[in-house]
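Look at the model below before reading on. The paragraphs after it go through selected parts one at a time.

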Amino acid sequence: MAKFISTFLLFFLAAFLFYATVLFIWGASTDPKIKSNLDYNLGGKGHSFSRFKEIQHISNVDVLFLGSSHAFKSFDTRIFDSAGKTSFNLGTINQTPVQTTVLINRYLKKLGPKLIVFEVYPYTFSIDGVESTLDLIANSDIDARLVRMAFNTKNIKVLNTLLYRTLRDLLHLDKNYIEPIKNYNETYVKGGYSENDLVYHKMVHYPKQTYHFYDYQFESFDKIMALLKSQGYEVVLVNAPMTKDLYDCYTNNNRFDSIMNKYGNYYNFNKIINLNDTLDFMDSNHLNQVGVEKFNDFLIKLLRQKYWIGQPG
Amino acid sequence: MLFNSFDFLIFLLFVFILYWFVANRSLRLQNALLLIASYFFYACWDWRFLFLLMFSTALDYFTGLKIEQASGIKMRKFWLWLSVGVNVGFLGVFKYYNFFATSFANAISHLGLQVNPWTLQVILPVGISFYTFHGLSYILDIYNKKIKAETDIVEYSVFVSFFPLLVAGPIERATHLLPQIKRKRTFDYAMAVSGLRQMLWGFFKKVVIADNCARLADLTFDYYQAYSGSTLFLGAVFFAIQIYCDFSGYSDIAIGTAKLFGINLLRNFAYPYFSRDIAEFWRRWHISLSSWFKDYLYIPLGGSRGGLWMKIRNTFIIFLVSGFWHGAKWTFIAWGALNALYFLPLMLTNNNRVNLDIVAKGRYLPSFKEFIMILTTFLLTVLAWIFFRSESMSTAFKYLSKVFSQTFFTFPDFKVAAGFITLAPLIIFFFVVEWIGREGQFAIENIKGRWNRPLRWAFYSAIIFLMGMFMRTTETPFIYFQF
């Protein structure tokens with residue numbers, strides 16, 4: 001038995017070294033088509049790299065935005081600035097509550113926001129968060145929480161990408177990487193916002209469908225809310241606007257609303273603000289800059305009415 | 001708990017450590033641990049059906065003892081039929097009731113009578129076909145006085161529910177497995193290493209080959225209306241490879257896992273796609289089920305003794321029952337019938353036992369004639385798999401009619417062809433390794449004699465890397481779990 005264990009451990013070590021070496025060569029040299037289980041996208045869509053780089057120099061903001069692309073494409077930090085409120089947008093691609101947990105544990109204390117605007121998109125409660133985890137692995141710092149989250153996904157693509165990123169870090173390969181301010185038709189704006197080139201949405205009809213929510217996403221969300229409450233943070237939950245066509249095709253929006261309403265301070269802007277599906281949106285679920293400005297003005301008024309942020313000056 | 005999951009690897013490690021470091025003091029402890037682990041493993045699927053498994057086990061245990069103790073033939077028969085009746089009854093209710101009810105209603109409707117059949121909303125308990133056949137073989141062997149009834153209920157329960165084989169076989173025999181369970185296992189280094197090697201190859205077959213072929217097979221079978229004959233043919237080939245790698249991969253993992261606990265299970269596959277005729281194919285495909293039917297159905301029916309019609313009848317019965325065993329669908333029965341039709345000419349011309357040895361033994365390549373025979377046999381099985389995979393008989397016929405249309409001579413659909421090009425190197429690698437290793441119990445069994453350690457370890461590591469790079473990101477169940 002001793003021989004078996006020692007041989008097995010030795011093989012395990014050798015296989016790991018082999019795996020890591022070949023993974024590194026594979027990741028650096030092969031076509032993306034044949035590395036479907038490795039998705040290291042440094043500086044990919046969403047400007048996460050720039051956002052996480054900037055956040056290192058930010059502290060004590062008035063408003064912190066959390067959530068998915070709906071957050072970083074809908075909450076324009078410049079508009080909040082001009083309203084006299086400092087803010088930071090910590091939205092990332094398809095960020096689910098599981099990833100939000102990692103981010104708030106990492107940055108909340110440092111940012112010390114007076115108000116947290118938490119964008120809650122029903123879709124992010126119905127996905128596993130792998131895409132967002134990959135985004136964090138490629139573009140943010142690696143810490144114990146992120147590693148734990150990666151292992152919890154039990155997803156080989158996530159684990160490969162984590163190992164690949166670690167190898168690149170060890171060799172300092174991305175040390176001098178600078179993300180272009182304009183990337184994939186998006187321009188990074190100081191404070192974490194991403195402004196898209198102005199385009200208008202072309203109408204599409206969507207068949208009826210239902211969100212299939214994951215219980216563990218709601219459990220994570222519940223823990224986040226409990227943590228924020230215990231630390232005395234003011235939180236506003238926002239279901240950001242999407243086109244009516246897309247919003248109405250989901251049959252269980254009301255169920256989601258009723259769950260969110262339990263937490264209080266929940267605003268479903270699909271029911272509150274009247275926007276034009278073509279003129280105010282760039283695609284079915286993201287506002288264009290025209291829509292962003294309308295939405296942000298509306299939101300700021302609401303936050304002031306409710307005394308979550310003070311009057312200007 | 002799927003074999004191809006992190007949970008299973010943790011479970012296996014935990015049980016392995018307990019087995020060899022805590023329970024190795026006595027046979028009773030070893031068996032008790034295996035039983036607890038097996039029931040836990042089964043409960044992870046659906047704990048409610050654990051009671052069904054326990055009941056079936058207890059029933060066969062007690063009826064086995066009663067058959068042995070019975071003084072007269074009448075009582076022996078009574079206990080035998082009680083066990084067979086209850087076991088087959090459970091199988092009938094859970095697996096076949098709805099099929100018979102709806103088929104009866106459909107048949108009646110042809111006579112102009114409308115019947116609304118009372119169907120059951122039941123879930124098929126995982127592994128029921130397998131553990132029922134374990135129990136039946138045990139009872140029949142006692143009745144036929146081939147074995148003594150087992151007196152220790154723990155040992156008997158381990159025989160029925162040993163976790164590596166519980167949900168999809170191999171279908172074990174009491175004569176083979178029970179003696180191993182009754183003997184204290186001591187750790188055997190060579191056996192454990194062989195087990196790990198077999199598991200590795202099984203995992204590769206499942207997660208790299210089968211799951212990737214499944215993606216393309218599913219695409220063609222689910223949307224067959226949209227594709228040309230050549231694409232559908234390619235899809236059927238993908239399914240043929242998928243089902244082999246899925247099921248033989250499962251069997252390799254099961255057999256390899258059992259070896260880690262010092263137990264040898266029956267072989268289930270012997271490179272069936274290198275068969276030179278259909279008879280050889282059936283000696284190499286799902287061996288534990290084929291031999292079960294041969295021993296407990298074909299031979300009691302008279303086997304190949306008797307007249308010509310008797311032979312034909314028995315051949316059809318065994319193939320149809322084999323098809324029906326897979327599930328309550330006409331497509332499975334058609335698959336069985338088609339294989340019977342393939343087999344019949346060989347049997348009638350006494351050529352069904354010609355190719356008994358390993359193809360091209362001692363040679364690197366087959367002769368041209370052997371190659372053509374292998375290819376022909378493979379293509380015949382591919383056609384039969386179309387019935388097996390199709391949702392209904394009408395779908396199968398439509399699929400086949402498109403395969404045999406003029407569009408067979410067009411270039412396959414880009415999406416499927418592109419998938420094939422990406423997969424082709426992996427499939428070629430797989431078949432080359434299987435071909436080279438075809439004289440072993442599993443493809444990489446004899447690698448130790450051929451290569452030194454660094455080379456072997458590099459090869460294993462490369463297989464692990466291919467798994468890491470090409471496995472699907474979601475756990476996919478094994479096809480045979482549904483049977």
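A residue is called buried if 20 or more other C-beta atoms lie within 10 Å of its own, exposed if 12 or fewer do, and partly exposed in between, with C-beta atoms placed from the backbone. Helices (H or I, at least four residues) and strands (E, at least two) are DSSP runs, numbered from the N terminus. The model is predicted: local features need pLDDT of at least 70 and side-chain atom pairs count only at pLDDT 80 or more, while totals for chains, interfaces and linings use all residues. Residues are numbered from 1 along each chain as its sequence is written, and chains are lettered from A and ligands numbered from 1 in the order in which they are written.

Start with helix α1(A). Its expected span is 1.5 Å times one less than its number of residues. For the 28 residues of α1(A) this gives 40 Å, and the end C-alpha atoms are 40 Å apart, which agrees. Y19(A), L23(A) and G27(A) are buried in this helix. An α-helix has 3.6 residues a turn, so residues three or four places apart point the same way. The buried residues of α1(A) pack against α8 of chain A and also against α19 (453-470) of chain B.

That leads to the place where the chains touch. Two residues are in contact if their C-beta atoms, placed from the backbone, lie within 7 Å. By this rule, 19 residues of chain A are in contact with 17 residues of chain B. On the chain A side, α1 (2-29) and α8 (156-170) are the elements that give two or more residues. The largest share, nine residues, comes from α1(A). Sorted by class, the chain A side has 11 nonpolar, three polar and five charged residues. Here Ala, Val, Leu, Ile, Met, Phe, Trp, Tyr, Cys and Pro count as nonpolar, Asp, Glu, Lys and Arg as charged, and the others, Gly among them, as polar.

Next come the strands of chain A. Two strands pair if DSSP finds at least two bridges between them. Which strands pair with β7(A)? Strand β3 (residues 115-119) of chain A pairs with β7(A) in the parallel sense over five bridges, and V117(A) stands opposite V236(A). Strand β8 (residues 266-268) of chain A also pairs with β7(A) in the parallel sense, over three bridges; there Y266(A) is the bridge partner of L237(A). Five of the six residues of β7(A) (residues 234-239) are buried, so this strand is largely enclosed by the rest of the structure.

Elsewhere in chain A, three strands form an open antiparallel sheet in the order β4-β5-β6. Its edge strands, β4 (182-183) and β6 (193-196), each pair on one side only. Strand β5 (residues 186-189) of chain A pairs with β6(A) over four bridges in the antiparallel sense, and E186(A) has N196(A) as its bridge partner.

Finally, consider two loop residues. N265(A) is in the loop between α11 (253-261) and β8 of chain A. Its phi is near 50°, a positive value in a residue other than glycine. N265(A) counts as partly exposed because it has 15 C-beta neighbours inside 10 Å. In chain B, H286(B) lies in the loop between α11 (278-284) and α12 (287-298). The phi of H286(B) is near 40°, again positive in a residue other than glycine. Is H286(B) buried or exposed? H286(B) has 23 C-beta neighbours inside 10 Å, so it counts as buried.
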